[in-house]
Amino acid sequence: MSAAALLATLLPVSVASPAHAADGVSACRPPAPVTLDAEQERLADARTTALVERAGLGDFVRRLPAALCATRGPAEAERLLDSWGQALWQASVRRAQGQRPGGDLAPGDDRPLYWARLGMTAVLARWQPQFSIDRAALRARFEDASRGLTDNAFRPAPGVRRIFISGFDPFGLDAEIRRANPSGSAALQLNGRRVTLADGSPAEIRAVVLPVRYADFDAGMVERAFAPRLAAGPASAHIITTVSQGYPGIFTLEDWAGRARSADPYPDNARTLSGGTRERPVTAPGLGPGPEFIRTTLPADAVTAAVQTPYPVLLNTEVTEIPAGATAPVDRPDGPTPGSRAVAGGGGGYLSNEVAYRSNRLRAELAPHLPGGHLHTPVLTGLPADPQLLTGPEFERNESAITAEVRAVLEHAAVRR
């Protein structure tokens, strides 16, 4: 199915509407020459467009300007961006699962969704309607919808276990713009899948893909993603697991998540720093009350005993803390000591650690009986040496192998105990 046909199928708001109001007055002024943000600026690299086009998602970016110009007011714009965000997410999931042919990139590649979404936010930034809008709020709606936070509930079914996971966008793009993120790829390939757990029982997986941006975490995106899955009812999960890219050659289940940010001088995708360093960790704005460290409640022993190929799966018990009464950070191989201040969890002091802390702090508040934790995947390697080549056999094999092992971990972790 072509992208245009898919749009027509998925979007409840017409994308073929004329760009003029009925009275003949244009619904838009000419696009504004705005300053794009740090992520959107990377769209100037032609390889980002190629990733979108080679996945068959180019129509989403090309057709959005006309669709925006057909809207008659803020409420209609909100509905349109909700619809287009959901359609982009659904198209990317279908593509990742081999249900939507188009393009010559491997189906599981997560990069087209990332760059298509950014291209669409750049269109939104330049849009000049004849009515007043809250542009930041519209972008937030589109971001949520295009990341699986909306219209992505479990299908209630007796006896089916419900697994909720999150992945991440690609990051580190200033060093290598072709980078992908295997956690995002796994989220797309597993979202909505029915799987068979290690004990033979059925389960359904639902997933979201989160941004690598401090500002979105400050604004509560993690809590918006996980709260509906932790509230009691047919949409609630039986187990939650955040997933991110971690270390070369291994999977790690992180035993501890720390409350602090301490990753500076490493920036996020918006080139923003957290304000926290190893020597001076900080607490994220808007983070609810909670302990300095939260321990995983995933069945680590069962997982590590059962899943070891093609990558080893290890339990990582390391943390960095400032011990009670001290001022200097200390690395500990066996977890935190009483009264210490968090500097870094097993996943460090960056957003991988923070997504684990935020989601499990919320889990402890809303559904403390649920298993929850964090899984780090191996670093995805195998990009061709030629910087103009976007993919290659080794890269695609490694991406598929990582997703298959994420699934195997979930199939053992989610068994009813």
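Tutor: Contact here means heavy atoms within 4.5 Å, and since this is a predicted model, every value below is computed from it. By that rule, and leaving aside its neighbours within four places in sequence, Ala 32 is in contact with Arg 126 and Gln 128.

Student: Where does Ala 32 lie, and why does it count as buried?

Tutor: Ala 32 sits in the loop between β1 (28-29) and α2 (38-41). Its relative accessibility is 15% and buried means under 20%, so Ala 32 counts as buried. Ala 32 and Val 123 are 91 residues apart in sequence, while their C-alpha atoms are 9.8 Å apart in space.

Student: What makes α6 roughly antiparallel to α7?

Tutor: The axes of α6 (residues 111-126) and α7 (residues 135-146) come within 11 Å and cross at roughly 160 degrees. Angles over 145 degrees count as roughly antiparallel, and the crossing angle therefore makes α6 roughly antiparallel to α7. The crossing in which α6 passes α7 is right-handed.

Student: Which residues of α6 meet α7?

Tutor: From α6 come Leu 113, Arg 117, Leu 118, Met 120, Thr 121, Leu 124 and Ala 125, and they meet Arg 135, Leu 138, Arg 139, Phe 142, Glu 143 and Ser 146 in α7.

Student: Which residues touch the most other members of the largest nonpolar core?

Tutor: Trp 127 and Ile 163 do, in a core of 69 residues. Helix α5 (residues 74-96) gives the most to this core, with 10 residues. A second, separate core has 23 residues, including Phe 168, Leu 210, Phe 226 and Leu 351. As for Trp 127, leaving aside its neighbours within four places in sequence, its contacts are Cys 28, Leu 68, Cys 69, Thr 71, Ala 77, Ile 133, Arg 135 and Leu 138.

Student: How do you know that helix α8 is largely enclosed by the rest of the structure?

Tutor: Nine of the nine residues of α8 (residues 182-190) are buried, so the helix is largely enclosed by the rest of the structure. Among them are Pro 182, Ser 183, Gln 189 and Leu 190. After α8 comes Gly 192, whose phi is positive, near 80 degrees.

Student: Why is the pair of Phe 251 and Tyr 311 called edge-to-face?

Tutor: Ring centres must lie within 6.5 Å to pair, and planes over 60 degrees apart count as edge-to-face. The centres of Phe 251 and Tyr 311 are 6.0 Å apart and the planes stand at 65 degrees, so the pair is edge-to-face. Phe 251 belongs to strand β7 (residues 251-254) and Tyr 311 to the loop between α11 (300-306) and β12 (313-316), so that the pair links parts of the chain 60 residues apart. Phe 251 and Tyr 311 are both buried.

Student: What makes Tyr 266 and Tyr 350 an edge-to-face pair?

Tutor: Their rings are 5.2 Å apart centre to centre, with 85 degrees between the planes, which is an edge-to-face pair. Together with Phe 171 and Tyr 214, Tyr 266 and Tyr 350 form one aromatic cluster.

Terms used: Residues are numbered from 1 along each chain as its sequence is written. This is a predicted model: local features need pLDDT of at least 70, side-chain atom pairs count only at pLDDT 80 or more; totals for chains, interfaces and linings use all residues. Side-chain values use heavy atoms; hydrogens and water are left out. Buried means under 20% relative accessible area, exposed over 50%, partly exposed in between (1.4 Å probe, protein chains only). Helices (H or I, at least four residues) and strands (E, at least two) are DSSP runs, numbered from the N terminus. A nonpolar core is a set of buried Ala, Val, Leu, Ile, Met, Phe, Trp, Tyr and Cys residues joined through side-chain atoms within 4.5 Å. Rings of Phe, Tyr and Trp (its six-membered ring) pair if their centres lie within 6.5 Å; planes under 30 degrees apart count as stacked, over 60 as edge-to-face and the rest as tilted. Axes are lines fitted to C-alpha atoms, for helices over the stretch in contact, and angles run from 0 to 180 degrees between N-to-C directions. Angles under 35 degrees count as roughly parallel, over 145 as roughly antiparallel, 65 to 115 as roughly perpendicular and the rest as oblique. A crossing is left-handed if the near helix is turned anticlockwise from the far one by less than a right angle, and right-handed if clockwise.
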